[in-house]
Amino acid sequence: MPHRDKPTVVRPFQFFRAGAQSAANDDRPILVLDDVTKYFDADQPTLRGLNLTVQRGEFAFITGPSGAGKSTLLQLIYRKHTVDQGRILFAGRDIARLTDRSIPFLRRNLGIVFQDFKVVEHWTVFENVAIALEILSMPRRLVRSRVSEALERVGLSGRGRERTENLSGGEKQRVAVARAIVTEPALILADEPTGNLDPHLAIDILTLFEEINETGATVLFATHDHSLIAKREHRLISIVDGRVVEAQSGLSSWPGQRNKNNSGLHAVAG
């Protein structure tokens, strides 16, 4: 029988954990969207023939006007919805072909952060973060260690016993980030994670995601916040009319954009 202190869950994408090394797979993109089309309205696709490749370890902003399909793109990646045409490869596997039983295993390899935090208010900080490990049947000792480390990384060290309902909005978002990273996923999907925060806290949260990216995790950060986009030189992926327009190093390299100015920001983010 296996030792009780060892996790028994098998990860179908184990070699794509954050910071993991595998010589055979280092050159493979972590994410490929190949001619992806998604309809919610029969007459107007939200995404049309969208092509996108994301390399392991990248940090990219996903932006575009309201309703452009930013959230839809992320939802397709974590299989809330399925593509109508095309395919999405995560770690080389076509996620549209996964069985319903396999979808939870896909999501265990992703860290997902939402605009509205999605924390359980009457739980403690520890409980909100630990749940991501408990569903993996990890032993309690390892859960305590991993949660403590995650809380330290997001600036909430020593606050695990506090009720989440007593925290500020920025602190609740940090709890959500800790929950997303505690399983050490290779890919973090952040869907407007600063949308409910003031500008100062928004920068703090963005910086936190950048620090997570530096540990080896790939980050896709969906936002329409002009100020965040302007302050960084990350890869900029804009969804325009259902397709991707992008720049490799922020607005300074945006097609036709010679200067960093507000008109360029509005053209990108709506």
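**A walk through the fold**

Contacts between residues 24 or more positions apart make up 70% of the chain's contacts with a separation of 6 or more; contact means heavy atoms within 4.5 Å. The model is predicted, so local features need pLDDT of at least 70 and side-chain atom pairs pLDDT 80 or more, while totals for chains, interfaces and linings use all residues. Residues are numbered from 1 along each chain as its sequence is written, and side-chain values use heavy atoms, without hydrogens and water.

The chain holds 8 helices and 10 strands. These elements are DSSP runs, numbered from the N terminus: helices are H or I with at least four residues, strands are E with at least two. The chain has 270 residues, and 50% of them count as buried. Buried means under 20% relative accessible area, exposed means over 50%, and partly exposed lies in between, with a 1.4 Å probe and protein chains only.

Four strands form an open sheet in the order β2-β1-β4-β5, with antiparallel pairing. Its edge strands are β2 (44–54) and β5 (93–94), each pairing on one side only. Two strands pair if DSSP finds at least two bridges between them. Strands of a sheet pair through backbone hydrogen bonds, either parallel or antiparallel.

β1 and β4 are antiparallel and share 5 bridges. Here T37 stands opposite Q85 in β4. β4 and β5 are also antiparallel, joined by 2 bridges. F90 has R93 in β5 as its bridge partner. These two strands form a hairpin with 2 residues between them, and A91 in the turn has a positive phi of about 55°. Helix α1 lies across β1, β2 and β4 and runs at about 120° to β1. Axes are lines fitted to C-alpha atoms, for helices over the stretch in contact; angles run from 0 to 180 degrees between N-to-C directions.

Two further backbone details deserve a look. Most residues other than glycine have a negative phi, and most peptide bonds are trans. D35 has a positive phi, near 55°. D35 lies in strand β1 (residues 31–41) and is partly exposed, with a relative accessible area of 41%. R79 also has a positive phi, near 65°. R79 sits in the loop between α1 (70–77) and β4 (85–90). At 10% relative accessibility, R79 counts as buried.

The largest nonpolar core has 45 residues, and V129, V147, V177, F209 and F221 have the most contacts inside it. At least two residues of this core come from each of β3 (59–63), α3 (125–134), α4 (140–153), α5 (169–181), β7 (187–191), α6 (199–214), β8 (218–222) and α7 (226–231). A second, separate core of 33 residues includes I88, F90, A91 and L187. A nonpolar core is a set of buried Ala, Val, Leu, Ile, Met, Phe, Trp, Tyr and Cys residues joined through side-chain atoms within 4.5 Å.

V147 touches F126, V129, A130, L133 and V182, leaving aside neighbours within four places in sequence. I181 and V147 are 34 residues apart along the chain, and their C-alpha atoms are separated by 9.5 Å. I181 lies in helix α5 and counts as buried at 4% relative accessibility. Not counting residues up to four places away in sequence, I181 is in contact with A150, R153, V154, I188 and I212.

Aromatic rings come last. Rings of Phe, Tyr and Trp (its six-membered ring) pair if their centres lie within 6.5 Å; planes under 30 degrees apart count as stacked, over 60 as edge-to-face and the rest as tilted. The count comes to 5 aromatic pairs. F59 and F221 have ring centres 6.1 Å apart and planes at 25°, so the pair is stacked. This pair links distant parts of the chain, with F59 in strand β3 and F221 in strand β8, 162 residues apart. Both F59 and F221 are buried. Y78 and F114 have ring centres 6.3 Å apart and planes at 90°, so the pair is edge-to-face. This pair too links distant parts of the chain: Y78 is in the loop between α1 and β4, F114 in strand β6 (residues 110–114), 36 residues apart. Y78 and F114 are both buried. One aromatic cluster consists of F59, F61, F209 and F221.
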